[in-house]
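Dear colleague,

I am passing on the structure we talked about, and I would be glad if you opened it beside this message. Please look through it once on your own before you read my notes.

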Amino acid sequence: MAASPVPFILLLVLLAAAGTHASPASSETVEQICARATSSGAHRDLAPFCVSSLQAAPGSDLADARGLAAIATNLTLANYTAAVGTVKALQGRGGWSAAERGALATCRARYIEALNVVHSAVHALATGRLGDYAAEMRAVRKAATDCDDAFGAAASESGAAPMRKVDRDAVDLTTVATLIVRALE
């Protein structure tokens with residue numbers, strides 16, 4: 001079995017974050033960076049999520065905006081990896097209708113595809129290609145919305161939406177990461 005690229009990517013993201021600590025003279029807090037990044041009307045509601053998500057991550061208290069973007073991307077990678085695990089567990093549980101099995105298969109495929117794109121986004125961020133990063137993270141975010149949409153029809157039949165919270169957190173994390181990077185431009 002081949003080694004997973006996830007530990008390497010996590011190391012890359014952590015190195016990027018470690019190299020971008022704020023200088024004491026120009027340091028902004030996580031709260032300030034999140035407030036600035038989410039200041040547009042459509043995303044103001046994400047400020048508390050941004051703060052709570054990033055403050056929970058080691059090193060966030062010393063990171064500047066670029067470092068927080070790396071941390072948010074790392075959180076996205078971890079979240080999407082966990083989403084694949086959640087789908088696998090749900091599939092293993094059984095008892096799903098044909099529509100629900102189809103929705104779970106869609107979710108699994110889309111989250112796995114998104115993991116590959118997150119790796120590209122990490123590279124784009126590390127090399128300063130912020131426009132490429134934003135485009136790749138939009139594609140990553142679409143995986144979560146596609147999963148949620150896949151359950152739309154299945155949920156109307158059974159009332160179940162087992163991936164709704166996972167999908168919402170995934171959308172919020174990718175949005176926060178993208179907004180922080182956008183604030184760098």
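What follows is a description of the helices, the core and the charged pairs.

Please keep in mind throughout that this is a predicted model. The chain has 7 helices and 0 strands, so that, read from the N terminus on, its elements run α-α-α-α-α-α-α. Of the 185 residues in the chain, 43% are buried. If you take the contacts with a separation of 6 or more, 75% of them are between residues 24 or more positions apart.

On the H2 side the contact is made by Ile 33, Arg 36 and Ala 37, and on the H7 side by Leu 179, Ile 180 and Ala 183. Sorted by class, this contact of H2 with H7 has 5 nonpolar residues, no polar ones and 1 charged one.

H7 also meets H3, and there the axes come within 10 Å and cross at roughly 90°, which makes H3 roughly perpendicular to H7. The residues that make this contact are Phe 49, Cys 50, Ser 53 and Leu 54 of H3, together with Asp 169, Asp 172, Leu 173, Val 176 and Ile 180 of H7. By class, the contact of H3 with H7 has 6 nonpolar, 1 polar and 2 charged residues.

In soluble globular proteins, nonpolar side chains tend to be buried together. In this model the largest nonpolar core has 53 residues, and those with the most contacts inside it are Leu 54, Leu 68, Tyr 80, Tyr 111, Tyr 133, Met 163 and Ile 180. The elements that give two or more residues to this core are H2, helix H3 (47-55), helix H4 (65-93), helix H5 (98-126), helix H6 (130-158) and H7, and H4 gives the most, with 12 residues. Leaving aside residues up to four places away in sequence, Tyr 111 touches Tyr 80, Ala 83, Val 84, Ala 143, Ala 144, Cys 147, Met 163, Val 166, Asp 167 and Ala 170.

The charged residues come last. Side chains of opposite charge can pair when their charged atoms come close. The count of salt bridges comes to 8, and one of them joins the side chains of Glu 28 and Arg 36 at 2.6 Å, N to O. Glu 28 is partly exposed, with a relative accessible area of 30%, and Arg 36, at 34% relative accessibility, also counts as partly exposed.

Another salt bridge joins Glu 113 and Arg 110 at 2.4 Å, N to O; because these residues are 3 apart in helix H5, about one helical turn separates them. Glu 113 is partly exposed, with a relative accessible area of 41%. Arg 110 and Glu 113 are also linked with Lys 142 and Asp 146 in a network of salt bridges.

Finally, the side chains of Asp 169 and Lys 165 meet in a salt bridge at 2.7 Å, N to O, and both residues lie in helix H7, 4 residues apart, about one turn of the helix. Lys 165 counts as exposed, at 57% relative accessibility.

With best wishes

Notes
Residues are numbered from 1 along each chain as its sequence is written. This is a predicted model: local features need pLDDT of at least 70, side-chain atom pairs count only at pLDDT 80 or more; totals for chains, interfaces and linings use all residues. Side-chain values use heavy atoms; hydrogens and water are left out. Contact means heavy atoms within 4.5 Å. Ala, Val, Leu, Ile, Met, Phe, Trp, Tyr, Cys and Pro count as nonpolar, Asp, Glu, Lys and Arg as charged, and the others, Gly among them, as polar. A nonpolar core is a set of buried Ala, Val, Leu, Ile, Met, Phe, Trp, Tyr and Cys residues joined through side-chain atoms within 4.5 Å. Buried means under 20% relative accessible area, exposed over 50%, partly exposed in between (1.4 Å probe, protein chains only). A salt bridge is a side-chain nitrogen of Lys or Arg within 4 Å of a carboxyl oxygen of Asp or Glu. Axes are lines fitted to C-alpha atoms, for helices over the stretch in contact, and angles run from 0 to 180 degrees between N-to-C directions. Angles under 35 degrees count as roughly parallel, over 145 as roughly antiparallel, 65 to 115 as roughly perpendicular and the rest as oblique.
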